[in-house]
Structures are given as C-alpha cells and as structure tokens.
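Please open the structure in a viewer and keep the sequence beside it.

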Amino acid sequence: MKNVFLSALYILTLFSCENDENLPAPYYSIEGKWLWSPDPEDRTYANTMYEFVNGNLYTSYANCSINNPCSNADFNALDATDRIPGHNTYTFDGNTLVQDEISRAVSFECDGDIMLFENGDKLWRLSSDCN
C-alpha cells in the first residue's frame, strides 16, 4: 500500500512538470514615477523625473546637481505643481511605448523597476532598489 502511494506520488510529480519556455513574459506597468540620469549606468546622478499617468507623460526637475545629488525623498517631494508646463501623450502595450506617435521598443530589468529603451536610454522606477 505504501509503495502504491509513493509510486502514484512520483508519477503525478513527473507529469505535472511543465516547460517554462512557453509561459508569457511578465507584464510590467509603466504607470508611475521614473527617473532619468545623464549617466545611463548610474542612477545617482538622476535629475529628471517622468510621470506616466493615464496616457499623459509629465516631466519634473528636482533641485539637484552633480555636487548635490538628488535622493528618492527629493523626487517624492515633487507633486503636480512642480511639473513643467504641458505634457506628452503615450500608449504602452507591454513592450512598445508610443509617445507622441513615436514608437520605441522597451524591455525591463530588475523585476520591472528598470526600463530599457532600444537606443540605450534607461529609466529607473522611483524608490526602487535597482541601480
């Protein structure tokens, strides 16, 4: 009886394994606040924040410099009154960002907290631990 139970458990385990290759890639939302740095390899120098909100893209600048780098707190303190006038529109389908009718392929790293553009640009999600 014990052998029958163990054999059944083994067979169920063997046949329940699936190939992960056919699973869809994770979907990452771009809604929210993202940071841009003039050095694409170092978030420390971020000085620009892009905010994706319901199809509108807003830009804000924090009061920082190379000698006085911004922190997450500096960017979190920015609100709608700190946005530069005007906005762009965007759509996002999971791997293509269309901003003002210009399509850009994007991919993600660090569980969706880094957005990579095909031209080498990079955005970091505000308050992420990714560098």
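In which sense do β4 and β5 pair, and over how many bridges? The two strands pair in the antiparallel sense, over three bridges. Here helices (H or I, at least four residues) and strands (E, at least two) are DSSP runs, numbered from the N terminus, and two strands pair if DSSP finds at least two bridges between them.

This is a predicted model, in which local features need pLDDT of at least 70 and side-chain atom pairs count only at pLDDT 80 or more, while totals for chains, interfaces and linings use all residues. Residues are numbered from 1 along each chain as its sequence is written, and side-chain values use heavy atoms, with hydrogens and water left out.

**The whole chain**

Select the protein chain, which has two helices and eight strands. From the N terminus on, its elements follow the order α-β-β-β-α-β-β-β-β-β. The eight strands form a closed barrel, β1-β2-β3-β4-β5-β6-β7-β8, with antiparallel pairing. Buried residues account for 29% of the 131 residues; buried means under 20% relative accessible area, exposed over 50%, and partly exposed in between (1.4 Å probe, protein chains only).

Next, select β3 (residues 56-61) and β4 (residues 88-92), which run antiparallel and are joined by two bridges. N56 has T89 of β4 as its bridge partner.

Move on to β5, where T91 stands opposite V98. Three residues lie between the strands in the hairpin of β4 and β5, and G94 takes a positive phi near 110° there. Which residues of β5 lie on its covered face, and which on the uncovered one? L97 and Q99 belong to the covered face, T96 and V98 to the uncovered one. In a regular strand the side chains alternate between the two faces of the sheet.

T96 stands opposite A105 in β6. The hairpin of β5 and β6 has two residues between the strands, and D100 in the turn shows a positive phi of about 50°.

**The aromatic pairs**

Colour the aromatic rings: the whole structure holds four aromatic pairs. Rings of Phe, Tyr and Trp (its six-membered ring) pair if their centres lie within 6.5 Å; planes under 30 degrees apart count as stacked, over 60 as edge-to-face and the rest as tilted. Select Y28 and F108, whose ring centres are 5.2 Å apart and whose planes meet at 55°, so the pair is tilted. Y28 lies in the loop between α1 (2-16) and β1 (32-36) and F108 in strand β6 (residues 102-109), so this pair ties together parts 80 residues apart in sequence. F108 is buried, with a relative accessible area of 18%.

Then select F52 and Y90, with ring centres 5.0 Å apart and planes at 90°, so this pair is edge-to-face. F52 is in strand β2 and Y90 in strand β4, 38 residues apart, and both residues are buried. Finally, show Y27, Y28, F92 and F108, which ring pairs link into a cluster.
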